[in-house]
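I opened my notebook on a structure that is new to me. Here is what I looked up, in the order in which I looked.

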Protein chains: 2
Amino acid sequence: MLGARCLLWAVRFCSSAPCPRHKPSAKLSVRDALGAQNTSGERVKVQGWVRSVRSQKEVLFLHVNDGSSLESLQVVADSSLDSRELTFGSSVEVQGQLVKSPSKRQNVELKAENIKVIGNCDAKTFPIRYKERHPLEYLRQYPHLRCRTNILGSILRIRSEATAAIHSFFKDNGFVHIHTPIITSNDCEGAGELFQLEAAGKIKIPEENFFNVPAFLTVSGQLHLEVMSGAFTQVFTFGPTFRAENSQSRRHLAEFYMIEAEISFVDSLQDLMQVMEKLFKATTMMVLSNCPEDVKLCYKFIAPGQKDRLEHMLKNNFLIISYTEAVEILKRASQNFTFTPEVAAVDLLVPGVGELFGGGLREERYHFLEERLARSRLTEVYQWYLDLRRFGSVPHGGFGMGFERYLQCILGVDNIKDVIPFPRFPHSCLL
Amino acid sequence: MLGARCLLWAVRFCSSAPCPRHKPSAKLSVRDALGAQNTSGERVKVQGWVRSVRSQKEVLFLHVNDGSSLESLQVVADSSLDSRELTFGSSVEVQGQLVKSPSKRQNVELKAENIKVIGNCDAKTFPIRYKERHPLEYLRQYPHLRCRTNILGSILRIRSEATAAIHSFFKDNGFVHIHTPIITSNDCEGAGELFQLEAAGKIKIPEENFFNVPAFLTVSGQLHLEVMSGAFTQVFTFGPTFRAENSQSRRHLAEFYMIEAEISFVDSLQDLMQVMEKLFKATTMMVLSNCPEDVKLCYKFIAPGQKDRLEHMLKNNFLIISYTEAVEILKRASQNFTFTPEVAAVDLLVPGVGELFGGGLREERYHFLEERLARSRLTEVYQWYLDLRRFGSVPHGGFGMGFERYLQCILGVDNIKDVIPFPRFPHSCLL
């Protein structure tokens, strides 16, 4: 409806005749302009949104940001180029010369010859105010505009960088990436807090399931990764997972992202813990080195002190404590246990966020598993899972890491709703 | 249930005391063993699944594969190491020396000192037969085992490589990656063929929506990318999308992956087409150069001739034809049109697959959009979308590429169900 994709131009392969091409313009992103080595009057075009306007008698100063970096490009122009439309939030196209800046605040500035306002922005109705530092709670009301603030811009650029770093880590370590299914007829964790789905028209006709069986949104890709670890030895997935949990906590979402890995031929929890620790450290180091300004902004305005805590984590080995020790610590804190402990599992707990990783060794012995499934009358449904133990079974294990909690942990962001572009939780599905 | 994640070991940060570490073994993946430069009797351990067994009077030959590459490692052992358990599909651990192979078929082989069978595999019940080339249709019945065949192994390794290549392409070109939401209250394309979802217990109580509003699985991340292109200029997403379409065709799935990009400050369709063509070519070149053996296998057994067709595509510019020309071609083919053409859209059609890319310029003018929304009585619901045009609006556009169709196109795979690990389509949600 809004952006229909219909056939109008058709692009076909297999012509060896050269086509007319659009001539590339001297367009530069703000990031590239700021990093430009050649400032001997190169003529460029920069496009973005106005972050500040300062009009003096003879000179007009603008700061233009296009989201390619936290830093904006300073534009200097003759005040005759000023106009009432040049306001905070408006979109502009500036043409001029990149020159060395006389100020110490930046290396480069753009001496404007022409400034074109592309889209206006009315300061009175724009929910983001000029030079105001809005609380994160306030910004949550505007999921379509909050990405234009410095702080959300930085968090989302870091999220993008962390995503790339995680893919790199696994690729460099010989893991095969698997898209585990979103729609599944399994209930991996037996949690029960599932979203069920159905073709929109049929949602109230249970006998007419689209897939012939009740279908749910995945809570974990673990079982599907177990399938794949039986072929590729080391596999991972990085995708959305879901819980229909009625929780409004600052650490839960109905839709969140998980990084999950499964490894064949592991002998011990130590093997898994090593990969978990390496993943955490390698990803974090890459984020810190690729987004230093964005990370600095988070530490400055959200979590002073987080920098030192994170550096401490990166420098030292993670502390491993046994179940018995954990019980002792919890007893001293006079907490009650409501769960039954099982063997060969591992959790990574981090300050402020709680459980970040969960992992364990899987049952690879056919007869043990068969017995347990028979007791729960699940043998038929999980025959395929038994098959994995029937044909060339191997000891294997894996783990999952909550991606939003990871971001909360490294950046010190208190509420999980601020590290995901469009948060979904009970009673809220904005946009 | 099956692999419960409970607290048993707790890993905590912030100890500076060194922890006891698991001593790394001389484990090698098959891929690394095959590529080893040092074959002067290095002692290694290789783990994997038996792909072939050949027992001679005095010598036993095994081929062991661990999914790290298409090629298996040849293991040579004294026939005294043979056992009845060493069958096709069984899992083994082999220790021995990596030596230069006397045969021309491989550079390296493993002279075994010890062979341990880890998991048996009964040839009589194992659905994958030794030395048999099963049709893809047959393998589709066994989504949990088909990844252990050469052909599915190759396709899924290529899929993993293409995923990484796509992330690299966008990162190298300054795009910010955005996780657009899976659950949404929008209906982007107005298609109507949506999956609706609800907390499992409440699915038949429409007045008790989990999110307070009816919620659906996304059909496109376009609108959410438009939000983000207003902050970061160039954004992309690569995630699952859904259609509750009752189609059993070889080109449709109920759950499939899309790469979508949105770019601010684009002036023309040519700008978009350039990015589409670059994306296609860069990704394909990376796949061809990183997975030559896997690609070769596909061409050999699935699509002879596809190699030449693809090389032709890569060498030449894509042919661009206008809407009028497309109409002429379709008329000659005496097809009927059932759609109304709209302006400023582009499709990329490829032989054998059909529509691979769809894209277009978006309406950035506030008043035009407002009028259209008012006519459809959607102004209130899409106020946020109007806001994007109210505050610093810019001309922008974007495109989507179906990832499975892309894989079909480059590999010549006829049926879309063979290029995704766990296909979902009407009446089928296996595993």
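I began with Glu363(B) and Arg365(B), whose side chains meet in a salt bridge at 2.8 Å, N to O. For that term I used this rule: a side-chain nitrogen of Lys or Arg lies within 4 Å of a carboxyl oxygen of Asp or Glu. I then checked accessibility, where buried means under 20% relative accessible area, exposed means over 50%, and partly exposed is in between (1.4 Å probe, protein chains only). Glu363(B) has 16% relative accessibility and counts as buried, while Arg365(B), at 41%, is partly exposed. I also noted a network in chain A: salt bridges that share partners join Arg140(A), Arg146(A) and Asp418(A).

A reminder to myself: this is a predicted model, in which local features need pLDDT of at least 70 and side-chain atom pairs count only at pLDDT 80 or more, while totals for chains, interfaces and linings use all residues. Residues are numbered from 1 along each chain as its sequence is written, chains are lettered from A and ligands numbered from 1 in the order in which they are written, and side-chain values use heavy atoms, with hydrogens and water left out.

Next I asked how many salt bridges the structure holds over all chains. The count is 26.

I looked up Arg43(A), which forms a salt bridge with Glu113(A), the closest N and O atoms being 3.0 Å apart. Arg43(A) lies in strand E2 (residues 40–55) of chain A and Glu113(A) in strand E6 (residues 108–119), so the pair ties together parts that are 70 residues apart in sequence. Helices (H or I, at least four residues) and strands (E, at least two) are DSSP runs, numbered from the N terminus. Arg43(A) is exposed at 53% relative accessibility, whereas Glu113(A) is partly exposed at 40%.

In chain B I found Lys307(B) bridged to Glu311(B), with 3.5 Å between the closest N and O atoms. These two are four residues apart in helix H7 (residues 306–315) of chain B, which means that about one helical turn separates them. Lys307(B) is partly exposed at 44%, and Glu311(B) is partly exposed at 34%.

Then I turned to where the chains meet. I counted 171 residues of chain B in contact (heavy atoms within 4.5 Å) with 171 residues of chain A. Chain B and chain A bury about 15,300 Å² between them, 63% of it on carbon and sulfur atoms. Buried area here is the accessible area (1.4 Å probe) that two parts lose on being put together, summed over both.

How many salt bridges cross the interface of chain B and chain A? The rule finds two. I looked at the one between Glu161(A) and Lys171(B), at 2.7 Å from N to O. Helix H3 (residues 150–172) of chain B gives the most to the side of chain B that touches chain A, with 10 residues.

My last entry is on chain A itself, where an automatic or database domain assignment gives domain 1 (26–119) and domain 2 (137–418). Their C-alpha centres lie 43 Å apart.
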